[in-house]
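Could you walk me through this structure in my viewer, one selection at a time? I would like to know what to click on and what I will find there.

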Amino acid sequence: MSAPSKPDVLAVAKLHPFFRQALDRLYTVHDRTHELDPTAFEALAPHIVGVAATGEARVPRPLLEQLSAARVVSVFGVGYDGVDVAAAIERGVPVTHTPGVLSDDVADMAMALVLGIARRVPEGDRHVREGRWPGGPLALGRKVSGARMGIVGMGRIGQAIARRASAFGMPIAYTARSAKADLPWSFVSDAVALAQQSDFLVVITPGGAGTRHLINANVLAALGPNGYLINVARGSVVDEEALICALRDGTIAGAGLDVFANEPQVPEALRQLPNVVLSPHTASATAQTRQDMADLAFANMRAGIDGQPLITPVPEWVVARGK
Ligand code: 8YV
């Protein structure tokens, strides 16, 4: 008697091995069949009971409409801006993500980028490796301790960044959809006003249409020639062309970027600039955190498919369905 076939799951993006290995134990994972083999996908779609996604993956309404048996979309990531959550809710398909487990790593990376660009860490490494030290010292950096930090977005990760920056003696101000009365830091109504009073402007808002190009030329001009932009949110939140101009023209002093408009492609104009530290979207990329994310994303997938309570549904689902 042959073993019962495992339930069918669609992976809409290349999954992290930790997540994929967990899924393979219980499910038949179809890797991007909707893109790679549309004909086969037509026959497969009605059998898919779960969707596995990443923080940047797209799960649009037309795809959800093909997945008539889908019981859950499980995102390996805290961001889910590529998922049409409204469509999922309309179809009664919960969306889950992996909040909390990666907050420390992303906040650590934000501080690493602050220190990296301000204290010229990558530049100093090259100065030594390329034998330029005997020719003279590295240029002076910018003191971080006591500098003013403005945080755009004050969710779990924004608060983790603020706690770290406070330990560096940095006065903290923030902007968000609304002030959070329980926080000890000062609220500023908008990004331009915040930039005007910041030495380091750190972006940690969700991605998506609501924040697209929130950091534009006006914000960068307000940040000013002694200011630095740090982005650990989504590339879409920053007008990348305006940022390149601002870095090239000295409108701002520098930037530290972990995310980009069209990953993994990064414009050569940005890659050639000396006053930016570039990181390949690795803010949550530690072995420990990726395992925690995989465990949580798998637990959400299993709960959704088995009809059990979800561990971390996205807030929109909770508001719409109360759980
Ligand atoms: C994810 C991220 O690990 O959590 C997010 O939203 O941007 C990353 O930290 C990545 O998206 C997984 O592919």
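Start by selecting D84, which is partly exposed at 24% relative accessibility, since that lies between the 20% and 50% cut-offs. Keep in mind that this is a predicted model. R61 sits in helix α4 (residues 61-66) and D84 in the loop between β4 (72-76) and α5 (85-90), so the pair ties together parts that are 23 residues apart in sequence. R61 is partly exposed too, with a relative accessible area of 28%.

Next, show E123 and R120, whose side chains form a salt bridge at 3.0 Å, N to O. E123 is partly exposed at 24%, and R120 is partly exposed at 26%.

Then move to helix α13 (residues 287-306), where R302 and D306 lie 4 residues apart, about one turn of the helix. These two form a salt bridge, with their closest N and O atoms 3.9 Å apart.

For a network of salt bridges, select E56, D81 and R234 together. The whole structure has 15 salt bridges.

Finish with a pair of helices. Colour α6 (residues 103-118) and α8 (residues 156-167), which pack at about 50 degrees with axes 8 Å apart. That angle makes α6 oblique to α8. Their crossing is right-handed. To see the contact, display residues including V106, A107 and M111 in α6, and I157, I161 and R164 in α8. By class, this contact has 8 nonpolar, 1 polar and 4 charged residues.

How values were computed
Residues are numbered from 1 along each chain as its sequence is written. This is a predicted model: local features need pLDDT of at least 70, side-chain atom pairs count only at pLDDT 80 or more; totals for chains, interfaces and linings use all residues. Side-chain values use heavy atoms; hydrogens and water are left out. Axes are lines fitted to C-alpha atoms, for helices over the stretch in contact, and angles run from 0 to 180 degrees between N-to-C directions. Helices (H or I, at least four residues) and strands (E, at least two) are DSSP runs, numbered from the N terminus. Angles under 35 degrees count as roughly parallel, over 145 as roughly antiparallel, 65 to 115 as roughly perpendicular and the rest as oblique. A crossing is left-handed if the near helix is turned anticlockwise from the far one by less than a right angle, and right-handed if clockwise. Contact means heavy atoms within 4.5 Å. Ala, Val, Leu, Ile, Met, Phe, Trp, Tyr, Cys and Pro count as nonpolar, Asp, Glu, Lys and Arg as charged, and the others, Gly among them, as polar. A salt bridge is a side-chain nitrogen of Lys or Arg within 4 Å of a carboxyl oxygen of Asp or Glu. Buried means under 20% relative accessible area, exposed over 50%, partly exposed in between (1.4 Å probe, protein chains only).
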